[in-house]
Amino acid sequence: MNSIKLILMFVAVTAVQISTAYAGNISLRVAYSDGRQGTTFTPVHAELGEFALTPGMADGGQNEKWRVVAKNAQGTVLHEVLLRNAQQRHIEVFDPKTGAIEVSQQVRQADGVFEVSLPFDEKVVSIEIQQQAAGNSRIALAPPQPTIFDRASLEKMARSIQAARVQAPPPAATVTTIINNGPSNARMDLVFVGDGYTTAEMSKWHTDAQKVIDGFMADPLFAANRASINVHRVDVASNQSGADEPDKGIYRDTAMDGSFYCYNIDRLLCVNSDKVYSIVGSVLSPDQRDVIVVVSNSTRYGGSGGEIATLSMHAQSVEIALHEIGHTAFALADEYDYGTCSLNAEPTSGDVSLNGTRSVKWGSLISSSTAVPTGLGQYPNGTVGVFQGAQYCKTGKYRPTENSRMRTLGYPWHAVNEGLARTVFASYAPSPGGQITQTGSLVSGATANAPSASPGYVQAGNGTYSIQLTGPAGTDFDLYLYKYSGSAWTKVASSEGSTSTEAINYAGTAGYYYVQVKSYSGSGNYTVTYSFPPK
């Protein structure tokens, strides 16, 4: 499964007795903390099993990254994944009446945890976490020394945890599957867990959970992709009801330490991520917890995003969660223009760009009758164009529509964001071998792009891009692979033989790609099959 994991995991083949002679993956939970020598990393949980690998971010962009790599005895990198630096936390607060952004700022989270999944077969002898600066940094600084976890220590931790599970009493948490559309390795699994509900309030939690789940599934994007989604409800009792409200002198003993007024921001609702992962992980495997949403037993307006989303039972809080899941599940950027602007590098997200022309990455969706750049109030909202103002910048960055859910709560996602989300949902149920097949028809001299559906491109990772084309006998069809350079689409590979049977095998880096089929001569039906490495 090429899924969006909001958790960082290492994966391997499980058995009741774990041996060192397995091949597979490992799910690793890592604690991070500021120290005198910089950020320190410590493994706190290792789990072996048939889990999906963590998809990585595209390289570049304005944020610092963490690179997690698996190496062999010769020091060769066997696998790597690029992750957002979890210490860089973007805080956003919306007006509950208008849905407009009120607070947008970057804060540093000194400590926390994350999870990641990497291959862990017999060739892997160590796992490294490397810190790297943001792309196009103006100051060249020596990177910190990598943190290295050796195989023996990780295996020992995994064995110890497995043994403890076998011997331990049943977990305090329980799980109920609300929507089951198939195996977790081929579905996006949404997990809703309640915080601040006492044992006597479990019936209230069940009612609240269903209300929240119904709110999610009523959203047109989730409703349209319902068949790709599983939903689980996790029940865990708190000692006291509610949530901390430090600004009011209210403190509650809850299972996941839910608290408003986080970072001294009125509506920011935070939880203890280590406790969340431990509670949810006690009843669900890494493949069953793609998106975790903590619901606080409070009607105070608030929530937050990040690796774990939070919301309260305020009537408007589901809108906050949908916006935040746009970030975490679909890699969408904020489209509002309030906050700290950076124009250092082309954004990795598919819904914002430094390019203000028709060659922008969503350019295939812009009608020839739509002016570029696109003025406000000139077209019905939802019209795809190039609108100035996005990702905290009033000028210099562009968004695809005048107003979407990633700009103001309560608005639709619109075509570009819906298309990006569909590619994520599609990645949970790939065709055999991870291949996607598209068919069509061309007249002489015409071209067709794959994917043909919105947004017309795929965000993919490092690896081999494999494409095959077959067309009618007696014609000459050619095959091309394009990558977005940050300012324009560039042809990076081609196959231009004299027949209609063509193939490309391209060693590429992470980014945005699409395939083009062109009829050099002749007309007829074609079939193009492509397989891109997961991002």
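A search of the whole structure finds 24 aromatic pairs. The model is predicted. It holds two disulfides. Its largest nonpolar core has 50 residues, and a second, separate core has 23.

**Aromatic pairs and rings**

- The ring centres of Tyr465 and Tyr513 lie 4.2 Å apart; their planes stand at 35 degrees, so the pair is tilted.
- This pair links distant parts of the chain, 48 residues apart. Tyr465 sits in strand E21 (residues 463-470) and Tyr513 in strand E25 (residues 511-521).
- Tyr465 is buried, at 0% relative accessibility. Tyr513 is buried too, with a relative accessible area of 0%.
- One aromatic cluster is formed by Phe192, Phe216, Phe222, Phe330, Trp413 and Phe425.
- Arg151 lies over the face of Phe120, 4.4 Å from the ring centre.

**Nonpolar cores**

- In the core of 50 residues, the members that touch the most others are Met188, Phe192, Phe216, Phe222, Val293, Val295 and Phe330.
- Helix H2 (residues 202-218) gives this core its largest share, seven residues.
- Val293 is in contact with Val191, Phe192, Val193, Phe216, Ala309, Leu311 and Ile325, leaving aside neighbours within four places in sequence.
- In soluble globular proteins, nonpolar side chains tend to be buried together.

**Disulfides**

- Numbered in sequence order, the bonded cysteines of the chain pair as 1-2, 3-4.
- Cys262 is joined to Cys270, with an S to S distance of 2.1 Å. The link of Cys262 and Cys270 is left-handed, with -95 degrees about the S-S bond.
- Cys262 counts as buried at 15% relative accessibility. Cys270 counts as buried at 9%.
- Cys341 and Cys393 form a disulfide with their sulfur atoms 1.9 Å apart. The torsion about their S-S bond is about 100 degrees, so this disulfide is right-handed.
- Cys341 lies in the loop between helix H5 (317-328) and strand E16 (387-390), and Cys393 in strand E17 (residues 393-399), so the pair ties together parts 52 residues apart in sequence.
- Cys341 is partly exposed, with a relative accessible area of 38%. Cys393 is buried, with a relative accessible area of 0%.

Definitions and conventions. Residues numbered from 1 in each chain as written. Predicted model: local features only at pLDDT ≥ 70, side-chain atom pairs only at ≥ 80, totals over all residues. Heavy atoms only, no water. Disulfide = S-S within 2.5 Å. Buried < 20%, exposed > 50% of the residue type's maximum accessible area, 1.4 Å probe, protein only. Helix = DSSP H or I, 4+ residues; strand = E, 2+ residues; numbered from the N terminus. Core = buried A, V, L, I, M, F, W, Y, C linked by side-chain atoms within 4.5 Å. Contact = heavy atoms within 4.5 Å. Phe/Tyr/Trp six-rings, centres within 6.5 Å; stacked < 30°, edge-to-face > 60°. Lys NZ or Arg CZ within 6 Å of the ring centre and 35° of its normal.
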